[in-house]
Amino acid sequence: MNDRSVAQRPAGTGDPGARRGVPAARPDSEAPIPPTTEAEQNAPHVRPGDRIFRGLATGSGIFIVVLIGAIGLFLLLQAIPSLALDQVSFLTSREWSTGDVNNMRYGILDLLLVTVVSSAFALVIAMPIALGIALFLTQYAPRRLARPFAYVIDLLSAVPSIIYGLWGLLVLAPVLTPIGEWLTGALGFIPLFAEGNVSIELGGTIFTAGIVLAVMILPIITAVSREVFDRTPATHVEGAIALGATKWEVVRTTVLPFGKAGYVSASMLGLGRALGETIALMIILSATNAAFGWSLFDGGATFASKIALAAPEFNDPRSAGAYIAAGLVLFVLTFVVNAIARAIVAGHKEYE
Amino acid sequence: MAKRIDVKDLNLFYGKFHAVDGVSLAVPPKNVTAFIGPSGCGKSTVLRSLNRMHEVAPGARVEGNVLLDGEDIYASSIDPVQVRRTIGMVFQRPNPFPTMSIRDNVVAGLKLAGERNRKKLDEVAERSLRGANLWNEVKDRLDRPGGGLSGGQQQRLCIARAIAVQPDVLLMDEPCSALDPISTLAIEDLITELKKEYTIVIVTHNMQQAARVSDQTAFFNLLGVGQPGRLIEVDDTEKIFSNPSQKATEDYISGRFG
């Protein structure tokens, strides 16, 4: 099927030459190799191995796209009938009651805000720490130390989220109580640190949840940033050193500009994970009937934790549909975050 | 400005590997010295030891002295960062900082040294770009990224960056090996120009280039695999290429090497 394009490309045409700073491109997999045995004379252009591999690779690609499309479609189909039953505005209402199927009242505003605020708070904590760790591991740590250290960080991502949830509620929350009390006392005039709608003493606040989330997303941000920083071209680093740059100046003039886009998209990956985190937040966040008041010491529920808590209601399709509609919003939110991350990475490539 | 270099009994190591054995040579000021020799003979390593870049590699070690106008740059009181600010270096592959504009690339060294005066920086940028024979080609796009230039222009940008800090010495590690013949010629002309102001040491695999641009040539060689590189002889370029005193040098420059 590609005979024409293959025919136009003589066997001698190799890679047009490495571009600066880019490893030489792999030779085109479709470039014909002169036939060596008679059996191959019949099909000189594409060998069976190539064809099979291309089929498998293309199939996998199509499969994942279809799968995502199917998930989106499923969410949409399940959500629409329930949305029709909604008695309040889905996007702007703060009410959520699905108990009475004749009077379904549900709006996602609070869920959305709690989800976004807790994840954003987690990101604010995790980003600088991850940056510090990644720079330490790639620039400052002796090789012998960097490896085991990196493994330990990666290990953090292997801890099940239920463990994080229990740790957050039983261990971290009591530790954070005095800090929370001090913050509300000293900085309470700032809405973010105002007295919340749940007990600080019990610790089921967005504050606790955000810190646990920060720990949870730290490994992914660190790991990706580390990879990116490690790939800073040695020639740039040498150039900076030869100009008389100190270690920190080398980092500032070469490593950070080179790795910035990777770091930001790593953070977006982390944000995506935080947005979808379920069990840990389900355990930590205290339920409340009061509306979200923009305080870190509020309780509430995120999309994911709300849906998980409502599992017993799923036997009624109307009620389940309401949660699926909420899930759809989470899906879109995560999708947007990932799209932003992609755009940032793409912008970086252009610039290279 | 231009200073002389005296290397005395220099031994260089990478971990346990003895890379260069007992090199002693003198580089006069305002003079071009070429290092030639087969790959792996340690000429780049010696060059990198002249501005303390050698020790950046993990496990690298230096024994011996390198005197810059009589002052040992390996003395314990000397800060290697300061040494590199006074001895510029140009690398094999052009390596302008890709995130910086052409102007910022040129003045990067000055900014590292703490110069913030915008007017001064602009002056230096123009002077250095003129010095590197690049000004006319880039004066209308000083704010564009340095990575957008051609390879030869990028290399001249790197030279401009190196001379912007007005170094005592300029080291060049095969500066033309990634360039086409026309760009190579431009750089060679530039080296001849720069010689009036700077002490230059250049590593090259191109013997015609060594013959064209240098006043003095040092020939390095390996006695065998795993053996350290040695300085075989150093003399006036004319003498090395017409009547070298060592047979190995003659074999190498006449292509009968190995």
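**Entry 1: the annotated span of chain B.** I began with the UniProt record, an unreviewed entry, which places the feature "domain: ABC transporter" at residues 5-247 of chain B. I looked up this span in a predicted model. The end C-alpha atoms of residues 5-247 of chain B lie 27 Å apart. I noted the composition of the span as 35% helix and 27% strand.

**Entry 2: the sheet of chain B.** I then traced an open sheet of 10 strands in chain B, with mixed pairing. I recorded the strand order as β5-β4-β1-β2-β10-β9-β3-β8-β7-β6. At the edges I found β5 (71-72) and β6 (87-90) of chain B; each has a single partner strand, so one side of each is left without a neighbour in the sheet.

**Entry 3: one strand pair in detail.** I selected strand β3 (residues 32-36) and strand β8 (residues 199-203) of chain B, which pair in the parallel sense over 4 bridges. For B:Val32, I identified the bridge partner in β8(B) as B:Ile200.

**Entry 4: a helix over the sheet.** I next examined helix α7 (residues 151-164) of chain B, which lies across β6 and β7 (169-173) of chain B. I noted that this helix runs at about 175° to β6(B).

**Entry 5: a helix pair within chain A.** Which way do α5(A) and α6(A) lie to each other? I looked up helix α5 (residues 161-187) and helix α6 (residues 206-230) of chain A, whose axes come within 9 Å and cross at roughly 130°. The two helices, α5(A) and α6(A), are therefore oblique to each other. I recorded the passage of α5(A) by α6(A) as a right-handed crossing.

**Entry 6: the residues between these helices.** From α5(A), I listed A:Ser161, A:Tyr164, A:Gly168, A:Leu172, A:Ala173, A:Leu176 and A:Gly180. They meet A:Phe207, A:Thr208, A:Ile211, A:Val212, A:Val215 and A:Met216 in α6(A). I noted that the residues of the contact of α5(A) with α6(A) divide into 9 nonpolar and 4 polar, with no charged residues.

Technical notes:
Residues are numbered from 1 along each chain as its sequence is written. Chains are lettered from A and ligands numbered from 1 in the order in which they are written. This is a predicted model: local features need pLDDT of at least 70, side-chain atom pairs count only at pLDDT 80 or more; totals for chains, interfaces and linings use all residues. Two strands pair if DSSP finds at least two bridges between them. Two residues are in contact if their C-beta atoms, placed from the backbone, lie within 7 Å. Axes are lines fitted to C-alpha atoms, for helices over the stretch in contact, and angles run from 0 to 180 degrees between N-to-C directions. UniProt positions are given in the numbering used here, feature names are shortened, and annotations may be inferred rather than shown by experiment. Angles under 35 degrees count as roughly parallel, over 145 as roughly antiparallel, 65 to 115 as roughly perpendicular and the rest as oblique. A crossing is left-handed if the near helix is turned anticlockwise from the far one by less than a right angle, and right-handed if clockwise. Ala, Val, Leu, Ile, Met, Phe, Trp, Tyr, Cys and Pro count as nonpolar, Asp, Glu, Lys and Arg as charged, and the others, Gly among them, as polar.
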